[in-house]
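Q: Could you walk me through this one slowly? I'm new to reading structures.

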Amino acid sequence: MYEGAIQDLIDELGRLPGVGPKSAQRIAFHVLSADPADVNRLAGALRKVKELVRFCTTCYNVAESDQCRICRDPRRTDEVLCVVEEPKDVVAIERTGEFRGRYHVLGGAINPLEGIGPDNLRIRELMTRLSAGTVRELILATDPNTEGEATATYLALMVKPMGISVTRLASGLPVGGDLEYADEITLGRAFEGRRAV
């Protein structure tokens with residue numbers, strides 16, 4: 001559509017997840033009209049994240065040192081380990097303020113259609129952590145979709161012989177939702193996961 005640098009920027013922005021062609025174009029023209037100091041700050045932040053941020057050597061969450069802040073926190077329990085797919089899932093759980101254990105980030109979920117099998121995830125590293133014998137409960141907090149369910153089932157089968165309690169996050173109706181708008185699978189899971197009041 002455009003030529004030169006502006007089209008290059010639109011193309012690069014369009015490669016980002018969740019950014020379609022129209023959004024890429026809007027962002028590119030915003031950058032073009034923005035104050036040069038703002039653009040330099042953005043460029044600096046992009047360079048800095050690539051230079052400084054890495055994965056925690058223990059749980060594979062994002063970190064700026066060998067271990068993330070959660071793995072360095074002595075107040076957290078080592079007896080409960082929560083398995084998630086991506087670092088953004090750690091942030092979501094941490095926002096609740098309910099979990100005081102440790103994490104393990106798999107780096108995705110089993111997805112044969114995309115060519116992602118167990119060997120492409122950090123399952124070997126998880127099994128090494130579990131073999132230390134300190135973990136009493138493993139919480140499977142993978143996404144409630146086909147890939148997440150397949151990953152959770154695979155992990156549960158792998159861990160069962162170790163004698164560790166394996167739990168799965170409950171799924172069901174969202175707070176503030178209406179029953180009439182819930183799909184059959186969500187409503188069925190809500191019935192399965194019902195609890196006494």
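Predicted model: local features only at pLDDT ≥ 70, side-chain atom pairs only at ≥ 80, totals over all residues.

Q: How far apart are the centres of domain 1 and domain 2?
A: The centres of domain 1 and domain 2 are separated by 34 Å, taken over C-alpha atoms. Domain 1 covers 5-52 and domain 2 covers 75-168, with bounds that come from an automatic or database domain assignment.

Q: Which residues does the "zinc finger region: C4-type" annotation cover?
A: According to the unreviewed UniProt entry, that annotation covers residues 56-71; UniProt positions are given in the numbering used here, feature names are shortened, and annotations may be inferred rather than shown by experiment. Over residues 56-71 the chain is 19% helix and 12% strand, and the end C-alpha atoms are 8 Å apart. Helices (H or I, at least four residues) and strands (E, at least two) are DSSP runs, numbered from the N terminus.

Q: Is Cys71 buried or exposed?
A: Cys71 is buried, because its relative accessible area is 13%, and buried means under 20%, exposed over 50% and partly exposed in between, using a 1.4 Å probe and protein chains only. Cys71 lies in helix H4, residues 69-72.

Q: And what does Cys71 touch?
A: Leaving out residues up to four places away in sequence, Cys71 touches Cys56, Thr58, Cys59 and Arg102, where contact means heavy atoms within 4.5 Å. Cys71 and Cys56 are 15 residues apart in sequence, and their C-alpha atoms are 8.3 Å apart in space.

Q: How many disulfides does the structure hold?
A: The structure holds zero disulfides, a disulfide being a pair of cysteine sulfur atoms within 2.5 Å. Cys68 is in no disulfide, and its nearest cysteine sulfur, that of Cys59, is 3.6 Å away. Cys71 is in no disulfide either, and its nearest cysteine sulfur, that of Cys59, is 3.6 Å away.

Q: Changing topic, in what order do the four strands of the open sheet come?
A: The order is S4-S3-S5-S6, and the pairing is parallel; two strands pair if DSSP finds at least two bridges between them. The edge strands are S4 (102-105) and S6 (165-168), each of which pairs on one side only. From one strand to the next, the twist averages 25°.

Q: Which helices pack on the sheet?
A: Helix H6 (residues 123-130) packs on the sheet and touches S3, S4 and S5, its direction making about 150° with that of S4. Helix H7 (residues 146-159) packs on the sheet too, touching S3, S5 and S6, and its direction makes about 170° with that of S6. The axes are lines fitted to C-alpha atoms, for helices over the stretch in contact, and angles run from 0 to 180 degrees between N-to-C directions.

Q: How many residues of S3 are buried?
A: Five of the five residues of S3 are buried, so S3 is largely enclosed by the rest of the structure. Val80, Cys82 and Val84 point one way from the strand, whereas Leu81 and Val83 point the other way.

Q: And what stands opposite Leu81 and Val84?
A: Leu81 stands opposite Leu138 in S5, and Val84 stands opposite Val105 in S4.

Technical notes: Residues numbered from 1 in each chain as written. Heavy atoms only, no water.
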